[in-house]
Amino acid sequence: MILRSSRNASAPGLSALLRVADLALRDSKAAGQARGTSFRLQLRSWVHAQAEDTQASDFEVCDTLKVIALVSHFRSRGHLVAQLDPLQRVPYGTWHKDGEAQAVWADCGLSTLLENFTAAATPDAQAEVVADYLKLRGSSSPDRRFWLEDPLLPRKPSDQQWWTLPEIVERLRLSYCGTLAVELDHVFKREQQRWLVERLEKRHTPPASERLSILRHLLQADTFERTLASKFPNSKRFGLEGLEALMPGIIALVERCAQHGVQRMEVGMPHRGRLSLLCNLLGKPPGALFGEMEGRQSEFHVGDVKYHLGQSATLACPIQAPGEPPEPAEQAIRVSIAPNPSHLEAVSPVVLGMVRAEQMRARDTDGTRIMGLLIHGDAAFSGLGLVSESLQLSNVKGFSTGGTIHIVLNNQVGFTTGPAEARSCPHPSDVGKIVGAPILHVNADDPDAVVQACIIAADWRARFKRDIVIDIVGYRRLGHNEQDNPVTTLPLSYKAIATHPPVLQLYGQQLQQAGIISQDQMTTWQESSRQQYDDDYKAYKEGKYQETAETWLSSSWQGDALQAFAGGSSVSGAIEVHQEPTGLPPGTLQWVGNCLCDVPEGFNMHPDMAQLLERRRRMFDTKDSRVDWPTAEQLAFGTLVLKRHARPPGCTAQPGQGLNKGHYSVRLTGQDAERGTFNQRHFALYDQTTGRRHEFLNNIKPCSQEMVEVWNSPLNEAGVLGFEYGFSLGIAGTGLVAWEAQFGDFANNAQAMVDQFVSAAEERWGQQSGLVLMLPHGYDGQGPDHSSARPERFLSLSNDDADHLPGHSPSARRQIAATFAAIAGQHGGSLDRKQAMTMLAGLTGGSGDQQEAAELLWTEMGLAPDALVTQEKWEGLMVQYMRRNAEQQANIFVVNATTPAQYFHVLRRQLNRPYNKPLVLFTPKALLHHRPFTSALKDFSTGTFFNRVIDDGKASDNTRHLAKHPKTGEPFLLPADQIRRVVLCSGQIYYALSNARRAKRIRNVVFVRLEQIAPFPHDLLVKVIQGYPAAELVWCQEEPKNMGAWTYVKPRLETALRDLTDCLEAPELHYIGRPTAASPATASMAIHQAEMSEIVRKALSEESLIEQEGAVVPLPA
């Protein structure tokens, strides 16, 4: 801000000032400080202009600079003395601790000025206060005026330009030190700073109609919380009392965003205030919530507590269309609040990923139509590292969403912890500064200011497509969850809260005093709102919102089973796992493979890349050519993205490639994902002269394929994994989404994301994700932190029962029995055909021949036409369906693929089956450069698929070409009835065992690879084991005994052998591997090699396993 006195300045003083300005300008340029350069250039220009006036005086120049500094000081540090605490525990700034008389972080200079600059004082006294504070050398008269020409924003001619000292301070106090303040010094661009200054300094009081609307929203929020408190005093609700102004603020924000063209808004928020937003913003029936308050919404399944659930609604927002028609237009906007766990901030990156995916699907490249809104708690926003991880994604090319609006619900306490113990900075929102996001602080007891802040935030995002933070400073009227007593830890604060009026009362009084509303009208509104909630409560008590058996059946797997009959399917017969068709014709594979080797003409690539491409091209020469792991991945990605009409150049007829059910985009992210941690992927090729980039996978058949995105991610796991999980939700069924850990155990940093979302979200909230987690795993002597991807952790999350086959577990039987009891209970405990037809009609929406469907149902259960369905028959039918469709009921898939072809098939399987499931995929490290670790090209061709189990020497064995003598053709292994030992294993240990067996010419030991560990392939594995009737059984792994797959496999295999074989006594399963340990692996290569040698020796030893287990064998020296 340039201020010029109404008097002239002296030439000598200006000459000195000119020299200072020139030096400052030179220094700022040298330091690259563009921010100060603009001001100094204007100051220098002004000084030059004034230097011609010989009557100017030195003190006028000094006074001008001091006023300039004061304006800058208000803008920079006004937030530290703003009126932000509704409880007024400190006179200025932010409250930090009970018993504090002054704010710790308050700006002492500005606070002193504002304490002495009172509105009641005369203009003479006010001017004297300002002049004394600035130590002006000129007159302190209130008539002394300064010309204001702001370097941050050009003023309009109609604006006031001459200002007295009292006017300047009063304008700045109202703009920056009232109930709405801003932090903008850290904002990166001057244009953005100028915009913020203009918005703060040109605010106006909302018109009466808007204030009435604000009052109604406040009243709704207030009545909502009072209703829940009175009717459900013993139920947690994490209410909004003390921050009710969020409601009108959110509504104003949504409407403003709709005016800017936003059509979809994804919202992530914690439990505080969630119930109010679900009902008062998204229209969730209060009666449905009342059932959840008492846990009576369903007798069958309740996935999560009420304050974790999500909701979606399409809102019609009034907007003023161009040309201002007589009737305002409406803009529809879809608003969704995502479900969240109690792990605060965990939902934030998930929502960002959802937004990015939806933007991609809608081709909303700049984020104009789809956006994210994240609501945070104060303690979480300042305390949790996931906030920083999420913020750092905001401007990264592969993760940006065009700006996110953040609202911090700052009730100035975290459970029982006050701000002084919760953070080391003035505001909880300070972490937002790391990405240059402006921060608006607003007092929650000023709803007008809250609404203005939300409108500013919406306008900011629309214009600059950057993040912005709103810090709504309020209080928490009750305890953390309404059940605890906060007075014991914050006695002074809660003494103030006890006497502090609710914001509805305060704001209502303001509007009454302004003549906008009368007390009678206010009372009428309140009574009407209370009556609405009473009516909803009555409907709830009458059972209107309780889930019926028919509704439950339509959304459960038992409903799927019945619908299968409506389509003529049968569940009788042998239990066989459905094999998804993922193989492709050889011509298709060769065409795509060769495209992955083509380089643009004149492209100057690195010699290493030229060799890599030459090796890759040879992999497609014949059907017996050997394909490595990275090329298998490229083949999987390349064939997924191709549209069905895509064909090789010059081919006029459809070659019948049989690519996929559809065509899909592919997204892979992770640290160093583009090249690959182990120098294996090389998604992009770079010209060594120009830096030009070439992406093979996006140039297979341009215009006839979807995009493949591979992005290097920031160095964090939880934020990026959460983002990719959200992306997988937003693109469900239309794309493959994968996250790759640099090393598998680095996923430890994202364990909460795995526990809360990846493994549990389908059961908790009905969210289905097809996310792939690629976790490099294998013991290569690299130490404790680069060996194990901790498979035992993921296996422990699997929802199958170790002691029962699918469908036979106690939980499954209880669910089956409860469903039948609820359905048949309406008809005397059984079902006849007419009742069954009615039930089937409800499931299928009335389509299909219900009589024929009922006939099939009766036939399947072996019932006579006039017989009744009993619970026994119902259970038998459902158990059979569950056995045949067990994988569809799994929560996660855990795979340790040991061949490139298996990798190819499992990736393609993710999108070529009728349901989405997360896939935890353990991937190789050292094996990537191991010569036998290849597959024949024919193992990718039509008729091949992902094998859950690989039997030794069979069609899916990638080393079967070595199973016979090259000259005599004699099989390497003995006949099956002469095999003395079956070694079950999973992962890279197979190659160590196979190499040792071949070196020792052992012919009576077979290796069976368990490729899909979970869901456990009971039937397939037992079928293979039964093929070796005389063999003893061993599980061999490289992980310690308390890690790896042993504790998961052992009870399930024992159950399968017990229940699926005719043997009176099932074979005993023995263990070979490292002993139990606290740390996954040794840091010594020598010890590692000795341990592996001992494991291999035991697995191939001629001694019986019982004898080995009884002996103590020392490690070799």
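The questions below go from aromatic rings to one strand.

This is a predicted model, where local features need pLDDT of at least 70, side-chain atom pairs count only at pLDDT 80 or more, and totals for chains, interfaces and linings use all residues. Residues are numbered from 1 along each chain as its sequence is written, and side-chain values use heavy atoms, with hydrogens and water left out.

Q: Why is the pair F1016 and Y1048 called edge-to-face?
A: Phe, Tyr and Trp rings (six-membered ring for Trp) pair if their centres lie within 6.5 Å; planes under 30 degrees apart are stacked, over 60 edge-to-face, the rest tilted. F1016 and Y1048 sit 6.3 Å apart, centre to centre, with 70° between the planes. The count by this rule is 27 aromatic pairs.

Q: What makes F1016 buried or exposed?
A: Buried means under 20% relative accessible area, exposed over 50%, partly exposed in between (1.4 Å probe, protein chains only). F1016 has 6%, so F1016 is buried. Y1048 is buried too, at 4%.

Q: What makes R913 count as a charge over the ring of F893?
A: The rule asks for NZ of Lys or CZ of Arg within 6 Å of the ring centre and within 35 degrees of the ring normal. R913 lies over the face of F893, at 4.4 Å from the ring centre. R616 lies over the face of F696, at 5.8 Å.

Q: How do you know that β4 and β10 pair?
A: Two strands pair if DSSP finds at least two bridges between them. β4 and β10 have four, in the antiparallel sense. V182 stands opposite L440 in β10.

Conventions
Helix = DSSP H or I, 4+ residues; strand = E, 2+ residues; numbered from the N terminus.
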